[in-house]
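Hi,

Here is the structure I promised to pass on. Have a look, and my notes follow below.

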Amino acid sequence: DPPGPSAQRERDLRRGARVVMKVLVTGISGKLGRLVGLELLRRGYQVAGIDRRPWPGGPQGVEVHQVDIRKRPAEDVFRTYRPDAAIHMATVTHLVTKTPDRMRVNLYGTRAFIHHCHEYGVKQAIFAGRHTFYGAAADSPLYHTEDEPPISAHAFPELADLVAADLYAASALWRYPEIATAVLRLVYTLGPSQHGTMAAFLKGPRVPLVMGFDPLFHFIHEQDAAEAIVTALAHKLHGIFNVSGPTPVPLSTIVKAAGRRPMPMPETLFKLGVGRLGLPTLPAAAVDHLKYPIVVDSDAFRRATGFRHSYDERETIQSFRAS
């Protein structure tokens, strides 16, 4: 019988042959997942993906397995493909996916991902999280560092599942020290795909603001976000890192630059106004995210990787507007 994937790689190493690193990406058919897959290919990695959705017109050479990360067939992919590294991007947010199944997708999917990495000898694991982990509040610091606890779990129930998934991924740092685990807390992504939390908020022609507040919003071009994730892989990061792009910008400035019309309204009317008259549908707890900033300190990530964003704030907003 021909040797299995692991045995073949051992033979290649003994012969001194060049061994291409194998990377498995969960959620690869998503907008950001596709960019990550393409960036991995560009840098010479061997790429496979897991996603319940197909990737129509995906690049040649990328194996996309249409399975649920929580189900047995996904474990079979880990067992047969034997990736050297895995990137977990199969999580969803309230603004993008309004379903009660979100907790199972986010938390149970992350648990399955970490378990499979441990069980099948994955050497590197990256969890692509979100900076909303820290939450928005009047008394929170302007710049959040990686050692701060979350405050959004109780104040914003719709974020509780993402916070739980982030904490579970972070627990792998001490439970499985043999795996170089990196938890990345990325700021909002924005770009021509018009996908993601911030893009959903800016979707309509009119964007509601809370009267008397104009918080700073931290965001990054979606292509820069993909490059940051692959850069973390290349540098074998181990730990928790904030990832950001250009300087944060006031929300009203972003709305206008994106070609939308800002609509300030009293907080008491906010809950009545959203979801009607062309305004985006937002959960009640989202009001704090429109009043107070969530800005992160990403110096640790930049020092560890040398990462520098390619798109400034104007170029990022323009790419979203032009699309």
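Which side chain does R72 meet in a salt bridge? The partner is E75, at 3.9 Å from N to O. By salt bridge I mean a side-chain nitrogen of Lys or Arg within 4 Å of a carboxyl oxygen of Asp or Glu.

Before the rest, some housekeeping. This is a predicted model, where local features need pLDDT of at least 70 and side-chain atom pairs count only at pLDDT 80 or more, while totals for chains, interfaces and linings use all residues. Residues are numbered from 1 along each chain as its sequence is written, and side-chain values use heavy atoms, with hydrogens and water left out.

Back to that pair. R72 and E75 are three residues apart in helix α3, so about one helical turn separates them. (Helices are DSSP runs of H or I with at least four residues, strands are E runs of at least two, and both are numbered from the N terminus.) R72 is exposed, at 57% relative accessibility, whereas E75 is buried at 18%. The cut-offs are under 20% relative accessible area for buried, over 50% for exposed and partly exposed in between, with a 1.4 Å probe and protein chains only. The two also belong to a salt-bridge network that links R72, E75, D76 and R79.

The salt bridges come to eleven by this rule. Another one joins R52 and D68, at 3.6 Å from N to O. That one ties together distant parts of the chain, 16 residues apart: R52 sits in the loop between β2 (46-50) and β3 (63-65), and D68 in the loop between β3 and α3 (72-81). D68 also meets R70 in a salt bridge, at 2.7 Å from N to O. D68 is buried at 11% relative accessibility, and R70 is partly exposed at 25%.

Now the nonpolar side. A nonpolar core here is a set of buried Ala, Val, Leu, Ile, Met, Phe, Trp, Tyr and Cys residues joined through side-chain atoms within 4.5 Å. The largest has 39 residues, and L40, I87, L184, I229 and F301 touch the most other members. Elements that each supply at least two of its residues include β1 (22-26), α2 (31-42) and β7 (180-186). Helix α8 gives the most, with seven residues. Apart from this core lies another, of 25 residues, with L190, M198, V207 and V249 among them.

F301 is one to click on: leaving out residues up to four places away in sequence, its contacts (heavy atoms within 4.5 Å) include L184, A228, F241 and F307.

Cheers
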